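Below are some comments on the model you sent. They are set out as numbered points, to be read with the structure open.

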Amino acid sequence: MSPYKRDWHAGIATPRGEGSYSSPEVGHPSGSRGYDVDSANSQNSSSTMNGITGTVSPTFPLPISIYVVKIASRCNLNCDYCYMYNLGDGTWKNQPKRMSNVTITKLINKINNHITRHNQNNIVIIFHGGEPLLAGRECIRFFVTEMRQGIINDCSIAFRLQTNGVLLTPEMIDFLRGLEIGIGISLDGPKYVHDRSRRDHAGNGSHDRVVSGIKNAMAVNDRAFFNGVLSVIDVQTDPIEMFAYFRSLGVGSVDFLLPDITWDTAPASMLVQDRAIYADWLIKMFDTWLDEGDATFSIRLFEILMNRILGGDAKIDALGGGTNNVVVVETDGSLEPVDVLKACGEGITKTNVNVENNEIDDIFESELVRRYVGGAEFLCEKCSYCEVKGVCGGGYLPHRFRSENGFDNESVYCRDLEKLIRHIKARLVAELQKR
Ligand code: SF4
């Protein structure tokens, strides 16, 4: 099939879906990331095939339309790369194990105040953890029921839940579908790949349990409920083997995530001049995917890059650019910027803003929140002159961190991002010339 049978603009320039806000693709492992952000509320501009011609500074406070709600702060897995527990931030230990009904009620009240203030008509709630299913059915049912009953202004709410998949029994799936909560599941690949990193607290791999959960989710044949998986890239694997594995699994989409490293934690082997090992891996994956040409199988990172290269403004916080109207709510009601920033150091996401005492807009008192939400406004000098900045956006904010100078850097994946973007652009140009 011609790659042009793919609809590169559909579904990804708009709020979510794993493509639209009605069924957002969410995050990462036991935390999660890759939040699609609301283009309707974004305030940046981008131009055609090569980059941004100018950006408009956002005016704070911006409306928040995605709430990543940590209803559980613990996890039944202990993945070695998890930014929640294993990359240097120990603040989870001070959090209640699950969000209380009192905190849920206060959060809903504050969200309603925010909807009124910003005249919003749609928001997304992403249940998150840790492993959110550890919060228990009563907690989840209470949250959804109270929120649907209490929401004001006829604002529509989409509920999503990011899970490691271990607890996805058929009964749990019935429960979630009954509440109209869509799900995303984390799976890194075949058993020998997945189980390298994604093990439980006893050291046992989780692959077989996760695949069982995926099969249970696929059995209901409802793509609005479940369509695809999130997968952290392991460059030790063969991308073509990985592609074949996910295709054989039968899922409708895969979102490949770059590991959460900073300039402080990047392995020396990765920083060798002229090496771009993630680009090399992703380019093989991209070419395999494009050449296969099955428009029903989505790889979100590639679709968003193609959209931007062709002049679209598809939004995702895992690349820079635009604005990111996302806030994280911890189990004690604390409001924070994106949770992956925990990989940058102990307590870095803490803001002293809480639904107990504050309104949602108070989160913008935090400089880090303004930098994360403001996106394109905060590029380092190198990025501001870069030819591909309109597509790359400077990369994901946590990947720019260096303890010497904070976030005033290009992405630690800069060479990879530039090489990948240039390759995809060259392929698109070649395909267009064939037409
Ligand atoms: S991170 Fe690198 S590729 Fe991306 S905009 Fe900055 S300089 Fe360009």
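1. A residue is called buried here when its relative accessible area is under 20%. By that criterion, the buried residues of helix H7 are Tyr278, Ala279, Trp281, Leu282, Ile283, Met285, Phe286, Trp289 and Leu290. They pack against helix H6 (239-249), strand E6 (253-257), strand E7 (298-299), helix H8 (300-309) and helix H12 (414-434).

2. Please keep in mind that this is a predicted model. The average pLDDT of the protein is 87, and 87% of the residues score at least 70. Over residues 1-33, however, the pLDDT is below 50, although the model gives this stretch 145 contacts beyond near neighbours in sequence.

3. On the length of H7: its 16 residues should span 22 Å at 1.5 Å a residue, and the end C-alpha atoms are 23 Å apart, which agrees. Just after H7, Gly293 takes a positive phi of about 70 degrees.

4. Helix H1 covers residues 101-118, which makes 18 residues. From first C-alpha to last, H1 reaches 26 Å, close to the 26 Å expected at 1.5 Å a residue. Its buried residues are Thr103, Ile104, Leu107, Ile108, Lys110, Ile111, Asn112, His114 and Ile115. These pack against strand E1 (66-70), strand E2 (122-128), helix H2 (137-150) and strand E8 (326-329). Just after H1, Asn119 has a positive phi of about 50 degrees.

5. Thr103 is a residue of H1 that may be worth a look in the viewer. Its relative accessibility is 13%, so Thr103 counts as buried. Leaving aside residues up to four places away in sequence, Thr103 touches Thr331, Asp332, Gly333 and Val355.

6. Which residues have the most contacts inside the largest nonpolar core? They are Ile125 and Phe143, in a core of 131 residues. H7 gives the most to this core, with nine residues. Not counting residues up to four places away in sequence, Ile125 touches Tyr67, Val69, Ile111, Phe143, Met147, Ile157, Ala158, Phe159 and Arg160.

7. There are 13 aromatic pairs in the structure. One of them is formed by Phe127 and Phe159: the ring centres are 5.7 Å apart and the planes are at 10 degrees, so the pair is stacked. This pair links distant parts of the chain, with Phe127 in strand E2 and Phe159 in strand E3 (residues 156-163), 32 residues apart. Both Phe127 and Phe159 are buried.

8. Phe286 and Trp289 provide another pair, with ring centres 6.0 Å apart and planes at 50 degrees, so this one is tilted. The cut-offs behind that label are under 30 degrees for stacked and over 60 for edge-to-face, with the rest tilted. Phe286 and Trp289 are three residues apart in H7 (residues 277-292), and so are separated by about one helical turn. Each of the two, Phe286 and Trp289, is buried.

9. Two further aromatic features can be noted. Tyr245, Phe246, Phe256 and Trp281 form one aromatic cluster. Elsewhere, Arg137 lies over the face of Phe175, at 5.4 Å from the ring centre.

10. The backbone has some features to check. Most residues other than glycine have a negative phi, and most peptide bonds are trans. The bond from Phe60 to Pro61 is cis, with omega near 0 degrees, and Pro61 is found in the segment before E1. The bond from Gly129 to Gly130 is cis as well, with omega near 10 degrees; Gly130 is in the loop between E2 and H2.

11. Two loop residues carry a positive phi. Glu180, which is not a glycine, has phi near 60 degrees and sits in the loop between helix H3 (170-178) and strand E4 (181-186). At 60% relative accessibility, Glu180 counts as exposed. Asn221, also not a glycine, has a positive phi of about 50 degrees and is placed in the loop between helix H5 (207-219) and strand E5 (228-232). Asn221 counts as exposed because its relative accessibility is 71%.

Note on methods. Residues are numbered from 1 along each chain as its sequence is written. This is a predicted model: local features need pLDDT of at least 70, side-chain atom pairs count only at pLDDT 80 or more; totals for chains, interfaces and linings use all residues. Side-chain values use heavy atoms; hydrogens and water are left out. Helices (H or I, at least four residues) and strands (E, at least two) are DSSP runs, numbered from the N terminus. The expected span of a helix is 1.5 Å times one less than its number of residues. Buried means under 20% relative accessible area, exposed over 50%, partly exposed in between (1.4 Å probe, protein chains only). Contact means heavy atoms within 4.5 Å. Rings of Phe, Tyr and Trp (its six-membered ring) pair if their centres lie within 6.5 Å; planes under 30 degrees apart count as stacked, over 60 as edge-to-face and the rest as tilted. A charge sits over a ring if NZ of Lys or CZ of Arg is within 6 Å of the ring centre and within 35 degrees of the ring normal. pLDDT is the predictor's confidence in each residue, from 0 to 100. A nonpolar core is a set of buried Ala, Val, Leu, Ile, Met, Phe, Trp, Tyr and Cys residues joined through side-chain atoms within 4.5 Å.
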